[in-house]
Amino acid sequence: MVSEHVLGLCTSPETVTAALARAPDQSVASVVKSLFKKKGSAVKEKAESPSADDGLGELDLAEKCGRFPHRPSDLFLKVYNDVLHTLDKDPLAGLVSPSLLGSSGVIPLSIVSVIPDIMRHYADLIVRAEKEIFLATNYWEPSLSAGIVSDSLRELSKRVQARSGEKVVVKLMYDRGNLKQVVSNHVVVKPDGWSKVGLPTEEELPGINLEVVNYHRPPLGTFHAKYLVVDRRVACLNSNNIQDRPNVEMMVHLEGPIVESFYDMALLSWSNAMHPPLPLLGKPPTYPDAYKFKQDNEGLRSHLNIVKELEATVRDGDGITLDDFRPHILHEPHGPVPIVMVNRNSTGTPGHDHVHEVPQDVAWLSAFRYAQKSIFIQTPTFNASPVVPATLDACRRGVQVTLYLDLGFNDQGEMIPFQGGTNEEVVHKMYTTLNSEGKGAEKHLEVFWYTGKDQTKPISAAMKSRNCHVKFMSVDDQIAILGNGNQDTQSWFHSQEINVMVDSPELIKEWLRGINANQNTRVFGRVSDKDGVWRGSDGEAVQASGTETSSFFGRLKGLGGAVARVRGTGGF
């Protein structure tokens, strides 16, 4: 049962955004210190929960804590209810003000494609900005993708000057390891350092007031967030960094009240004082009576070979066509749907603790626990210590679990001790465990290696030619959790991750259709339910690092992969 303390937090009008608007020259961190009361430990529910005489059941109280357009599904409310308990100890555990944790919005557009396609949508939004932009990415790397964003900033600057308007304020955050972060996690990047990472110079942006922060919480607390907020009216949440990688990625474009949650979260992430403050800080938006859909249709585009050319192995007799590759999912018109932010703040210290105090982790585990029919997950890496037993338990209950994973993705980094192992090792162990129990539960686990849209068999990610970096989970075709978080040790225990949980069977149907249309994983990627190994029609196995636990020297080599991840150059 939600405690009285949490109910009060969630129904309070106070937010980080409103508090900072009253003191815009102060640092966000200083404003937050006195904003919400923390409990020394989780409160006792019997002592502080509303009385049963109120006539409100557990899910009724959970619904009351959110600002939803209608009563969400029971599955959604069960997961949300569990997430709310994390606020007892720390009201900002969700990296957003409690009253903005549960919200609503519409999603008119999703993109499942390569990084430049997503960055072009970013660019379309950036050049139309009127007042302000907040852009966050784990890694900003000089590249075609970064060039698209940089050019859009240059174009925006020209438009601002042409209309003789006030400068648009732009805040950019990324993570590039810096020794200064041992003292201060949020390091301001001065203008003379912008060109070193491929950003426009200050002289190139006379119509923009740009401020850049490099954020990392040493040693392991990576800023893994990837999102865009424009003029407090549009937010984009995506799986990709701003760099060139041969990855299929996923982005969702959100509008409505949920954008306020993104805005509030972005302020908390920034932490520093803003120079200058965001101009819309004290100007809450109004929302239209009806939202627009399908107006941004740019037609079909295919950029599978943007990074590296590779001969397609699809042939006429395979029954597969490349013509149905659809980067843009133009969603059917819909009213606002319930949405909850399920985030994770970064943790720099080593360890696998506090799972039940982190909204992201609680949401994932609760989704597994409450699933009755099906669970679908696509993630590049799958090895976190809580997610593996949760998967096995779901299969034992008869829930059909489908995993789309990458073969060989970031194997060097996953090999080192306490990281959980490679995808091949984990999948092999899961099938071995279920088969050894002799109860047929292995039939409820279907694992597929990602297979590119122009391929008929998986390719090891080590080849850097066809990878998938999508982070998506759906449960019972009713709720979806998507955003930044991978199902690996780093995302579960250390990195800052931004995710949303959406309650909409219609959107999930469209997402799953789009995800499957833009890859051949379902058709060609299935591994054996005996040993977790993929074999072709000729019986030949395709492997990366193999199913056996890596040797000491292999794990030692993996330290290089771990360093690359911290620097942002690995498989993030």
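Select helix 11 (residues 387-396) and helix 13 (residues 423-437), whose axes come within 11 Å and cross at roughly 35°. The axes are lines fitted to C-alpha atoms over the stretch in contact, with angles running from 0 to 180 degrees between N-to-C directions. The crossing of helix 11 past helix 13 is right-handed, a term for a near helix turned clockwise from the far one by less than a right angle.

This is a predicted model, in which local features need pLDDT of at least 70 and side-chain atom pairs count only at pLDDT 80 or more, while totals for chains, interfaces and linings use all residues. Residues are numbered from 1 along each chain as its sequence is written, and side-chain values use heavy atoms, with hydrogens and water left out.

Next, display the side chains between the two helices. Val 388, Thr 391, Leu 392, Cys 395 and Arg 396 of helix 11 meet Val 426, Met 430, Thr 433, Leu 434 and Glu 437 of helix 13, where contact means heavy atoms within 4.5 Å. Six of these residues are nonpolar, two polar and two charged.

Now move to Asn 520, in the loop between helix 15 (505-517) and helix 16 (521-524). Asn 520 counts as buried because its relative accessibility is 1%; buried means under 20% relative accessible area, with a 1.4 Å probe and protein chains only. A polar atom of the Asn 520 side chain lies 2.9 Å from the backbone oxygen of Lys 453.

Finally, show the whole protein chain. Of its 572 residues, 61% count as buried. Its secondary structure comprises 17 helices and 20 strands, taken as DSSP runs (H or I, at least four residues, for helices; E, at least two, for strands) numbered from the N terminus.

How values were computed
Buried means under 20% relative accessible area, exposed over 50%, partly exposed in between (1.4 Å probe, protein chains only). A polar contact is a pair of N or O atoms within 3.5 Å; within protein, one must be able to donate a hydrogen and the other to accept it, and residues adjacent in sequence count only if both atoms are side-chain atoms. Ala, Val, Leu, Ile, Met, Phe, Trp, Tyr, Cys and Pro count as nonpolar, Asp, Glu, Lys and Arg as charged, and the others, Gly among them, as polar.
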